[in-house]
Structures are given as C-alpha cells and as structure tokens.
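Dear colleague,

Please find below the sequence and the structure that I am handing over to you. My notes on what was found follow directly after them.

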Amino acid sequence: MGKTHLKSLALAYLEAKPPQSDIQKHAAELFRSLDIPTTKNEEWKYLNLKNIASRAYTFANGNASNIAAAIAKPFVEAYDEQNANVLVFVNGVYIPALSRVVTPESDLKISNLSEAKSKYAAEFGKHFGKYANDEHHIFAALNTAADAEGAFIYVPNNKTVEAPVILHYIASAEAGDVLVQTRNLFVVGTSAQLTLVEHYNSTEQANHSLTNMVTEVFVGGNARFDHYKIQNEANTSSHIGFTQTWQLQDSYYANTTVSLSGEIVRNNLHIAIDGQNCEAFMNGLYVLDGNTVVDNHTVADHRQPHSHSNELYKGLLDGKSHAVFNGKIFVRQDAQKTNAFQSNKNILLSPDANVDTKPQLEIWADDVKCSHGCTVGALDEELLFYLCTRGINEETARALLMLAFAEDVLERIQVKSVREYVEKIIAARLKMDI
Amino acid sequence: MLSIKNLQAAIGDKQILKGINLEIKPGEVHAIMGPNGSGKSTLASVLAGREDYEVTGGEVEFNGKNLLELAPEERAGEGLFLAFQYPVEIPGVSNTNFLKAAVNSVRKYRGEEPLDAVHFLKLIKEKMKLVNMDQALLNRSLNEGFSGGEKKRNEIFQMAVLEPKLAILDETDSGLDIDALRIVANGVNTLRNKDNGILVITHYQRLLDYIVPDYVHVLYKGRIVRSGTKELALELEEKGYDWIKAEVETENASSATVNP
C-alpha cells in the first residue's frame, strides 16, 4: 500500500522544517517508521481513518491571520468568568489579544509553548517529551516532531492556583482543509493545585480540519489536578488527541473528557500511576448525533501499590453516531493493594446508533480489587411518559433525561464556574430551552 | 368537561376496556372502584395518553376537544392531570427543575409568559404548605429514594402547582398510612372547587371518607356496572365486590338467554 496523503504531506513538512532537538529527531524517525493505522490494527479496529487521512491538508502552524481573533471571540466569550487565566489559539497560533493572565507569575508560569521553550527553559527541558512517548502512536510522534504549538502551564511547588486556567483551541478551515497540531505541557509541582479546561472547537465550515493534539501532564507528589477536556467541533472537523499523565505519590488527578460533536474524534488518555497512595479519576461523557464517531481509549497503568483508579464513561448516541470505548487497566506486579474500577454506560437514542465497548484488564499483582462493567440501553419510555403527562414536550423531556443521565459525570466537576460552563455547552448542544 | 362514550381499549390482543361511559361536570368528584384487574388503571392510563394501550373504539371529549387525538403533554396543557399509582424515580433531574419545566411548558401551551425565578419560587412555597412538603425533598432528584408516602404526596404537590381542570388520582391512597392519607386528601380537598373535576380511582372505601365523592361507579371486567352516590361505596365496603360480580354474571346470563 502506498503512503496515505496525510503521511506524504507530513513527510514533506518535516523535510521543509527539520526537527531540531533529539526528542524531535527521535519522534521524526518513529513517525517515518509507522503507518497511518487501518482497522486491521487492533488499537484502531473501529475507527476508519481513510477519509481523514486522504485529504490535502495545509499544515496550519504559522503566522496568525488577521481574522483569527474575530473567529475565536464568540467561543472565548462563552466563558465569561473574569477570574480565570485564559489562553486562546486559532489553528495552533497563539492569540495574545484574547488571552489574559490573572494569577501572579510566582504562583503560575503560563505561556504559549514556543515562548516557554526559552522563557521557562529549565522547566520546559525537564518535562517536555518525557511522558508522551508511546512508540506505536504515529500521530503523537508527528506532533512531537513537527514543533506543535499550545499551552505551557507550570505550577511551582506548594502553590494553589485558585483561578482556573481556560484554554481555547479554535480550528478554522475557511481557506481549505487544514491540519492543526496542538501541544500542551501541564506541570503541577509537589503539593500544588490546579484546575484547567482544554476547550476544542471549530467554526462551521465546508472544508475539513484535523486537530492532532498531544497533552503531557505531570502531577507531582501530593499535588492535585482537576483536568477537563471539552471537544465540541463542527461536523467537518476531526480530532485525534493523546493525553499522557504521569502521577507521583499521594497525588490526585481527575480527568473529565467531554466529546460532543465532530466527524471523527479519538481520545487517548493514558495515566501512569507511578507512586503510592494516588487517586486517579477518569470521567467521560459523549453526546453524539449525525455521523459522528467518538473513540475513547483509556489506560490506567498501576505501577505502584496502594493506589486507586476509578473510571466512569457515559454516552448518549443519536442518529447514525458510533462510539467506541476501550478501557485498559494494568496492575503491575508491584502494585499490590490496588483498587481499580471501570464502568461504561451507553444509551442509544436511535436504531442506527451503535457502540463498541471493550474493557481490558491485565493484572499481574495478586492482592487487588478490580471491577469493570458496561451497559447499553435505551431511554426509559416510562420516565418519558411521566414527564410528558406534566406538560413537558417530548423533545424537552428527552433532553431532561439525557442531561440526567449525564449528571453523575457532571456532578464530579468541582469548580462551579467550570461546571456551569460545561453544562451550558451541553444544554446548548441538546437544544434545551428551559 | 369530560365526556367518555363507549370507550374501548386493548393491550396487545387483550381487550381491557369494553365500553366505558362516563360524564364529569365541573365541580364534581367521581370515584371509580372495582376489584383488581377490572380496568381502573387502564382507564387512567388511556385518559393520560399512555401509548401501550390501543384505543379500539369510542370517544373522549375534554373541554370540547377530542382528547384521544392529543399527545400526553397537550392533554396536560388542556388541564388534565394524572397522579400516578406508581410515581417514577428520575435520578439526576431535580424536583425543582422538573417542576419549573412542567409549569412553564403548560404556560407556554396556554400562550402565557414563562414564570421567572421569583414568581416560580413564590408559587412553589405556597403549594408546599398544602401537602406539608419538605424543602429538602424539593432539592433532591425527582422521587429518588422517596418513601411511598412521600411519592404520593409529591404527586398531589405537582397537581397543586399545575392547577389542573381535571385531576385523575390513580390509587393515590394505596399503601398510605392514615397520616399520609389525611395529608393527601386535605391537599385534594383544598383544590376542589366549582370549576374543577376530580376522578378518584381507588380500591378501598377508606379514601372516600376523606374525599367525599358526588358519584361512585363500579368498574368490573372493563365496564361500569353500577353507578350511585357515596352510599354505594359504603355498601361495597360492607359486602365486598362478590355480590356485584354475582349480580353482573346473572344479568349477563339472563340477557344472553333473552337475546341469543
């Protein structure tokens, strides 16, 4: 088989902009050696990338266009809490005009990644490329090799950042099919605390965008990080994301991944629990319709004893949408007394929607508590009837029940303004008018 | 306000209602009694618009409209309310949000402006007193973890908030202790007025000591076989349903001989 369009384009891009650092050179080598996966690849079994890999993308990272700020503005204004640190990127270009920082630098080192390379060279050098080095993930390799832009967030030891960090990534394919590469590095120091939202969106457009994002997360000892990823792009937009988190002892990390629309969305969330007494939460919600395909691949890798991971992914599928859930739990031989739980619950709202759900537990330790479960069902007609007898029309009643189904994921969002923001996006997505 | 003529309904192949006739005028309270399986709850469900039942004949007029053509939410908009025999639990939907959606949906149907937060809360506070509703229950998910009595009280509370023209109480008294029964009955009686109709479906006469009906009907095998005043309920209480069953069987047998 010849090279896909996407791979050829990327190879040409890497020729024109050769990788500089050793990490990037290694990633470029890895990229050359791998192929865009087909459905024969077990990890990509249910996700056909043929269409999105065959387009003639322009690699977007470059100079900011004049219209960029105007495009992003409505998305940015939707979150109107003033006490927040906000960074905005359009097609991988940092937009200072729409960004703001409210937390002092002593408590939070925050900048776009390319600036951090020199401005926070020591912190950057210590962590960049150290975590997201999956040897099989071609998209992550490309992202590392290609100098992707994004956010650098660093919380020094013992600092609690009260104001949440909100990151907006807007893709715009107004000038033709575009490939946006986004790269983030979030470091939360020892006994530090942070709440952060990654928000991915795109303008309504005829052309296609593909966002290839990698986020590296380091959670230091005794640190706490509440991490949200909300993806709500247009149906001509696709998203391939790879998030690798590394947790040290006594730390708390909660990731909530919300996927609401797009053409193809792939979220890889890998958490390495490399310390004792850690807590890791993976909360997921997908609300899909049309032909959207969302594929969540998660990994909880228990490398040390006495830690706890808990995963809850819930999905609502309408139209011809398709969801894939693959949740891996590894409990290594040293990781005795591990508690690891996983649950995936789905509601199919249409006969044409479908779900492929697969738990995967690999346990080498012998004194552990692990469980998993998955369900696929329909909206309860009895509940629907009850709501309708109270005057609520069927559409609103369905939306209420859908929101109720999502509630046990949403109620885990601790910061009020963040929760309201997420609920607002979901309510708009469900066309709730109450 | 409600006129039921020869109503017939089936579930699957099974004919349950076999020709119901009933007329309820504003200000009247009717009670329907009958043994288990006689079709009482089916009648309530058909009137509220449950899709599991197929109406196979007859007509129902409500406020001059063909009720059977309306969706359940339209029936509610027209002023029909069903207090469920088994109120459902909906985790994740708060009682307050649910009520607000209900009130404003009904108002929208009637061409009225939605209530703002202040007026809504005022309405809720006022109606809560009627049924001794605890504020804590309001903040919880709809009926989730409520006791049987709390669920039934919540039904009456919803009825009070929505102010229906015709309320159907489907075995609202079943399983209630006497205190809960008094609260429920008191709520209903407070809402009783010259413009509203109430249809009480019950298995037990006891409720009718507290909600005194103008008319009592006995439903048996999908038909109303006896109608009378509240004395009929007392007679049923005393003699049970067997004498009515026997009489009806005899009538059927004799009518069969007269009109073979």
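**The interface and the strands**

Across the interface of chain B and chain A, the rule finds 2 salt bridges, a salt bridge being a side-chain nitrogen of Lys or Arg within 4 Å of a carboxyl oxygen of Asp or Glu. Please note that this is a predicted model, in which local features need pLDDT of at least 70 and side-chain atom pairs count only at pLDDT 80 or more, while totals for chains, interfaces and linings use all residues. Residues are numbered from 1 along each chain as its sequence is written, chains are lettered from A and ligands numbered from 1 in the order in which they are written, and side-chain values use heavy atoms, with hydrogens and water left out.

Which side chains meet in a salt bridge at 2.6 Å, N to O? They are those of A:Glu382 and B:Arg50. The rule also finds 7 residue pairs in polar contact across the interface of chain B and chain A, with both residues at pLDDT 80 or more. A polar contact is a pair of N or O atoms within 3.5 Å; within protein, one must be able to donate a hydrogen and the other to accept it, and residues adjacent in sequence count only if both atoms are side-chain atoms.

The contact, meaning heavy atoms within 4.5 Å, takes 29 residues from chain B and 18 residues from chain A. The size of an interface is often given as the accessible area lost when the parts come together. Here the area buried between chain B and chain A is about 1900 Å², and carbon and sulfur atoms give 69% of it; buried area is the accessible area (1.4 Å probe) that two parts lose on being put together, summed over both. In chain B, the residues that lose the most area to chain A are B:Glu73, B:Phe84 and B:Val88, together 25% of what that side buries.

Within chain A, is strand 2 (residues 85-90) mostly covered or mostly uncovered? Strand 2 of chain A is mostly covered, with 6 of its 6 residues buried, where buried means under 20% relative accessible area (1.4 Å probe, protein chains only). A:Asn85, A:Leu87 and A:Phe89 point one way from this strand, and A:Val86, A:Val88 and A:Val90 point the other way. In a regular strand the side chains alternate between the two faces of the sheet.

Two strands pair if DSSP finds at least two bridges between them. Strand 2 of chain A runs parallel to strand 6 (residues 165-171) of chain A, joined by 6 bridges, and A:Leu87 has A:Leu167 as its bridge partner there. Strand 2 of chain A is also joined by 2 bridges to strand 3 (residues 93-94) of chain A, in the antiparallel sense.

Strand 12 (residues 252-261) of chain A is mostly covered as well, with 10 of its 10 residues buried. Strand 12 of chain A runs parallel to strand 10 (residues 224-232) of chain A over 9 bridges, and pairs with strand 14 (residues 279-288) of chain A in the parallel sense over 8 bridges.

In chain B, an open sheet of 4 strands has the order 2-1-4-5, with antiparallel pairing.

With kind regards

How values were computed: Buried < 20%, exposed > 50% of the residue type's maximum accessible area, 1.4 Å probe, protein only.
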